[in-house]
Amino acid sequence: MSENKNILTDSHGRDHTYLRISLIERCNLRCTYCMPEEGVKLSPKSSLMTYEEIYDIAKTFVEHGVTKIRLTGGEPLIRKDIPVILEKLAALPVELSITSNAVIIDKFIDVLKANGVKKINVSIDSLDAAKFKHITRRHEFEKVYNNILLLVKEGFEVKVNAVLIKGFNDNEIIDFINFTKDLPISVRFIEFMPFDGNKWDMGKMVSYAEVMQYVNASFSEENIERLQDAPNDTSKNYKIKGYKGSFAIISSVTNPFCDSCNRLRLTANGQLKNCLFSSTESDLLSTLRAGKSIEPVIKKAVQAKLKMRGGMDTLNKLQQPLLYSKNRSMITIGG
Ligand code: SAM
């Protein structure tokens, strides 16, 4: 490793070993909480990273200590050159994983396996077909549901992400937990987070504490097991005794986990985001295309990372549209 080896350590002592790469700004679903109704302004194709550029940038991060890369989007699987991207990144010494809505993932089982992808996160916000259609504005429930079963059958480690929205799917918390009875999956309830154009308000968010109220009302205390969270885990993990799977809560709003954050994000147009909530970005792609080293740009971006939630360190700040709407819409960050 070069003398720059700690370019991924920030001024708060956090080492960044996990890079999430968004491959595309487009998606085949239209989740209301993720993207504005009117859509997002897409980057021109020429401003998106090619697979060679994705590889070059990823390689630099790996040389400086990144050990995990997760591909996301938009919907990463609708990018035409996804097989080549997987193949290129699989040549790096990293754990490669993907987050997908799973609508078309059945067509990629072989290519995912061939490139060593073992962990797949699938988003599904309702186990009711009509509600699924309402939130995603698309009729794809059956495909997604069946593809979750297929991924498990094919031996992938599957995490299922559900964003909870009050009055919409909070009455399904127990159904989701019961989904883990016979399936070795982890269902993760995500607190609804504010981004540009997603009509967020605190009243729609279902908190970690509220999830646990539902759980405590349905299962007896001795059957609810608190599991050990993995280092740098964003989720608080639980299991119902006797169930094959587990469940967890990702509480970025009410119990943020910024102290142990090890994540950096690269957008499809080659911008480095040092935090999911940061309003600033660093242009790695233009630097690369100008033939210059991206290392100083990475180092500066990592050093500039704020201690908590891109500076929105209180619930009061997080609720100010003037602050959170400076950030992108989630669909162009990648989650
Ligand atoms: N298309 C892929 C998918 O559906 O998983 C990958 C991209 S999607 C942006 C990644 C994750 O971000 C999904 O699990 C989604 O539910 C989550 N997400 C999007 N907007 C969110 C919000 N406002 N609050 C919390 N999670 C959000």
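Analyst: Helices (H or I, at least four residues) and strands (E, at least two) are DSSP runs, numbered from the N terminus, and by that count the protein chain has eleven helices and twelve strands. This is a predicted model, in which local features need pLDDT of at least 70 and side-chain atom pairs count only at pLDDT 80 or more, while totals for chains, interfaces and linings use all residues. Residues are numbered from 1 along each chain as its sequence is written, and side-chain values use heavy atoms, with hydrogens and water left out.

User: Which residues are the closest to the ligand?
Analyst: The ligand is surrounded by 21 residues, and the closest are G74, E75, S123, M193 and N198; a residue counts as near if one of its heavy atoms lies within 4 Å.

User: And which polar contacts does it make?
Analyst: Taking a polar contact as a pair of N or O atoms within 3.5 Å, a backbone N or O atom of G74 lies 2.9 Å from a nitrogen atom of the ligand. The side chain of N198 has an N or O atom 3.1 Å from a nitrogen atom of the ligand, and the side chain of Y33 has one 3.1 Å from a ligand oxygen.

User: How much of the ligand's accessible area does the protein cover?
Analyst: On its own the ligand has 560 Å² of accessible area (Shrake-Rupley method, 1.4 Å probe), and the protein covers 95% of that.

User: Which elements give two or more residues to that shell?
Analyst: Those are β3 (95-100), β5 (157-164) and β6 (186-191).

User: Changing topic, what are the overall dimensions?
Analyst: The C-alpha trace of the protein chain spans about 60 × 45 × 40 Å along its principal axes.

User: Why would you call that a compact globule?
Analyst: The radius of gyration, taken over C-alpha atoms, is compared with a rule of 2.2 Å times the number of residues to the power 0.38; for 335 residues a compact globule would have a value near 20 Å, and the protein chain, with 19 Å, agrees.

Note on methods. A polar contact is a pair of N or O atoms within 3.5 Å; within protein, one must be able to donate a hydrogen and the other to accept it, and residues adjacent in sequence count only if both atoms are side-chain atoms.
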